[in-house]
Structures are given as C-alpha cells and as structure tokens.
Amino acid sequence: MSTDRPTAIVTGASSGIGEATARRLSAEGFHVVLGARRLDRLEKIAAEIDGTPLELDVTDTESVAAFCEQVQDCRVLVNNAGGAAGLETVAAADEDHWRWMWETNVLGTLRLTKALLPKLVASGDGHVVTVTSIAAQEIYDGGAGYTAAKHAQSALHRTLRGEELGKPVRFTEVLPGMVETDFSLVRFDGDAERAANVYKGLVPLVAEDVADVIAFAVTRPAHVNLDQIVMKPRAQASATRAHREP
Ligand code: NAP
C-alpha cells in the first residue's frame, strides 16, 4: 500500500455517495482506501482508480480494528457508511431498525474516527468529513429512527471540532437532502417501486454532486475549515416539502 499520494479513507465506498467520493478523491490525487462489507464491489472500483479495497463492517469493533491496522497513514477520513431502515412511526417502532441505524451511522462514525484520529493528526493536515443528512437538522413523521441517529451522528462530529481545536485536523459535516442512490432501496428492504416513488416528479441530487462538494472541502488550504454544508435539489425545500411535476 506504499504510495507518495496522501491517503483518503472512504467508508461505505461500495455504492452511491461513497463510491462517487472515492472516484473523485482519486482524481484529485489521493490514494483512496475503500471500506465496506461488499468486497467484490470495492475490488472492482479500486482497480479502476488505483486504490486499496479493504473489507469493513463499521458495526463490528474487530472488523474496524483490523481495517485500521492495515492503513499506515490517513490525511482524509470520509465517514459515509450508513443509511436508513424503515419508515415506521414511533408507536410502531422496530427496534432492530433502530439498532441498525445507530450502529452504522452513529457508532460506526465513532469507531472509525476514534481509531484514525492519531493518524489524521500525525499527517499534519488531517480532515474528517462526515456525511450526515438534512435529517440531522429536521424531523419528519415515520423518520424518528433515522433522524435521531443522524442528529446524534452530527452532534458527535461537531463535538470533535471543539475537542480537537489547536491540532492540525479539520472537520466538515455534509448534510444532503434527496440523493438518488441505493439509499431508498435499502430503506424499503429492496422494494424498488416504493424507492422510485421517493424521487418521482423531481430532479434529485446524484452521488457525484455530493462527491463534488466533499472534494471541494478537502482541497481548500489547510487554514480553511468548511464546518457545515447543507445541499438539496432545487426542487426540495425541506425534508417534508418538495415540488413535484405531475
Ligand atoms: P447507499 O448507496 O445505500 O450506500 C451506503 C453505503 O454504506 C454502502 O456502500 C454500504 O456498503 C455502506 N454500509 C452500510 N452498512 C455498512 C456497514 N455496516 N459497514 C460498512 N459499510 C456499510 O446510500 P448513499 O445514499 O450513498 O448513503 C451514503 C450516506 O449518505 C449514508 O450515511 C446516508 O445516510 C447518507 N445520506 C444519503 C441521502 C440520500 O438521499 N441518498 C441523503 C442524506 C444522507 P456495504 O453494503 O457494501 O457494506
């Protein structure tokens, strides 16, 4: 894994925003280490961008430890692995869905960031980018498991900004609205029709739009910290309000 390029680690790099970010950061000159559970997909992407594919389950402490041991250095960490499961009201909450959302989005971010902070600081210009969501700022009916997890992930990320102040490490939170990826397919347990309805009648963001913003944030000069970046499709005003063409 020896390389002259600075290392960027992207979690959840096997699809969607993570895959697009891995591709984009590679184009910006980074050696990208791609982590996710589906190693076959990572291997294919990594081969195309001269990156390093490593199996990673952010919900498993041993998997995180094994992953982090294999990386020698880290200039950029993109905490992207995560997602939503279900859309049940609180009255009908599914605890397994809640646990999955907290384990991936919140504890996953905690585990990776905690393990890699020493290497990020040692790089002399570390940068942690965490992909939360507008669900970190808003709530909506049926969304409590996801919005609670994203609020918590955001609180964890923003706390680091103060705790690490004075050290050479930057923290950027990216909060996207609707992005057409496998996100809704995962949320609705493979129900393609229900997933497609989420984006019906409007032009959603695509994964490359988010990757573009992440690449912009990490290529600013070392003294510039973009703290929070909220991005939505033009047709979306909030988590609950969008303009749809018939
Ligand atoms: P996606 O295509 O479903 O990607 C999710 C990624 O997370 C996959 O690469 C998946 O890889 C990985 N992942 C899930 N569980 C994991 C685990 N236990 N360990 C390691 N990796 C895991 O959806 P996406 O839209 O790109 O989502 C990326 C991030 O953006 C998520 O945090 C999501 O909450 C956030 N976000 C999405 C939207 C949207 O509308 N799409 C909006 C706001 C925020 P494996 O299955 O291979 O492990």
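A polar atom in the side chain of Thr 11 lies 2.9 Å from the backbone nitrogen of Asn 80, a polar contact (N or O atoms within 3.5 Å; within protein, one able to donate a hydrogen and the other to accept it, with residues adjacent in sequence counted only if both atoms are side-chain atoms). The model is predicted, with pLDDT of at least 70 required for local features and 80 or more for side-chain atom pairs, while totals for chains, interfaces and linings use all residues. Numbering runs from 1 along each chain as its sequence is written, and side-chain values use heavy atoms, without hydrogens or water.

Thr 11 belongs to strand S1 (residues 7-11). Strands are DSSP E runs of at least two residues, and helices are H or I runs of at least four, numbered from the N terminus. Thr 11 is buried, at 2% relative accessible area; buried means under 20% (1.4 Å probe, protein chains only). Beyond four places in sequence, Thr 11 touches residues including Gly 35, Leu 56, Leu 77 and Leu 112, where contact means heavy atoms within 4.5 Å.

The ligand is surrounded by 32 residues, each with a heavy atom within 4 Å of it. Ser 14, Arg 37, Arg 38, Tyr 146 and Thr 181 are the closest. A polar side-chain atom of Arg 38 is 2.8 Å from a ligand oxygen. For Lys 150, a side-chain N or O atom lies 3.0 Å from an oxygen of the ligand. Asp 57 places a polar side-chain atom 2.9 Å from a ligand nitrogen. Helices H1 (16-27), H4 (95-122), H5 (144-163) and H6 (183-187) each give two or more residues to the shell.

Key: Buried means under 20% relative accessible area, exposed over 50%, partly exposed in between (1.4 Å probe, protein chains only).
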